[in-house]
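Okay, hi everyone, thanks for coming.

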Amino acid sequence: MIAISACLGGVACRYDGKSNTVEGLKALVEQGEAILICPEVMGGLEIPRDPCERRGNQVCTQKGKDCTAAFQKGAEAALALLQENKITMAVLKSKSPSCGKGLIYDGSFTRTLKPGSGIAAELFSQNGVRVLTEEEWKEEKENSQNA
């Protein structure tokens, strides 16, 4: 069993009310091999909502509203769910201020990327959960099929 960002599994929970469906990940959920999580929604953020980006340890909207507490609350709730279900791997949405791994938007709202991870991805990694972006998952799947 793995965890998957709900938007990757076909749930319209992104900030703009859309999804980022990856059919292979959606199929894992349908087959009962994965659970869906959205740390942002689990933290109490609405759909749709103002886009947020991470600036250091804070997550803010373009207008400067600090949403860090909701992101932290959602990350902690998602981690608790993973731990309850003994899930040690999560496929999370790249670049997100919550789920991004390795590269995230820099807080300038210009689509500029910087090294770093989202609040949930960071918390998961610190607690022994292996985090993959959807691109890394696709690459691993492709490599295992070619082996």
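Let's start with Lys86, which is exposed, with a relative accessible area of 71%. Quick note on the wording: buried means under 20% relative accessible area, exposed over 50%, and partly exposed in between, using a 1.4 Å probe and protein chains only. Before I go further, this is a predicted model, where local features need pLDDT of at least 70, side-chain atom pairs count only at pLDDT 80 or more, and totals for chains, interfaces and linings use all residues. Residues are numbered from 1 along each chain as its sequence is written, and side-chain values use heavy atoms, with hydrogens and water left out.

Back to Lys86: you'll find this lysine in the loop between α3 and β5. Those element names are DSSP runs numbered from the N terminus, with helices being H or I of at least four residues and strands E of at least two. Lys86 isn't a glycine, yet has a positive phi of about 55 degrees. Lys95 is another non-glycine residue with a positive phi, near 70 degrees. Lys95 sits in the loop between β5 and β6, and counts as partly exposed at 32% relative accessibility. And while we're on the backbone, Ile47 and Pro48 are joined by a cis peptide bond, with omega about -10 degrees. Pro48 is in the loop between α2 and β3. Why point these out? Because most residues other than glycine have a negative phi, and most peptide bonds are trans.

Now, the inside. A nonpolar core here is a set of buried Ala, Val, Leu, Ile, Met, Phe, Trp, Tyr and Cys residues joined through side-chain atoms within 4.5 Å. The largest one has 24 residues, and those touching the most other members are Ala3, Ile37, Phe71, Leu82, Ala90, Leu92 and Phe124. At least two residues of this core come from each of β2 (34-37), α3 (68-84), β5 (89-92) and α4 (119-126), with α3 giving the largest share, 6 residues. Apart from this core there's another, of 15 residues, including Ala6, Leu28, Ala34 and Leu132.

Take a look at Leu92. Leaving out residues up to four places away in sequence, Leu92 touches a whole list, among them Ser5, Ile37, Cys99, Phe124 and Val131; contact means heavy atoms within 4.5 Å.

Then there's Ser98, in the loop between β5 and β6 (103-105). Is Ser98 buried or exposed? Ser98 is buried, with a relative accessible area of 0%. Beyond its neighbours within four places in sequence, the contacts of Ser98 include Pro39, Glu40, Phe71 and Gly118.

On to charges. How many salt bridges does a search of the whole structure find? There are 6, where a salt bridge is a side-chain nitrogen of Lys or Arg within 4 Å of a carboxyl oxygen of Asp or Glu. One of them pairs Arg49 with Glu40, at 2.7 Å from N to O, and both Arg49 and Glu40 are buried.

Another joins Arg54 and Glu122, with the closest N and O atoms 3.2 Å apart. Arg54 is in strand β3 and Glu122 in helix α4, so this pair ties together parts that are 68 residues apart in sequence. Arg54 counts as buried, at 6% relative accessibility, while Glu122 counts as partly exposed, at 31%.

Arg130 belongs to strand β8 (residues 130-133) and Glu140 to helix α5 (residues 134-146), 10 residues apart. Arg130 is partly exposed at 39% relative accessibility, and Glu140 is partly exposed too, at 34%.

One more residue: Phe109, in the loop between β6 and β7 (113-115). Phe109 counts as buried, at 17% relative accessibility. Not counting residues up to four places away in sequence, Phe109 touches Pro51, Cys52, Glu53, Arg55, Cys60, Thr61 and Gln62.

Glu139 is exposed, with a relative accessible area of 53%. That's my tour, thanks!
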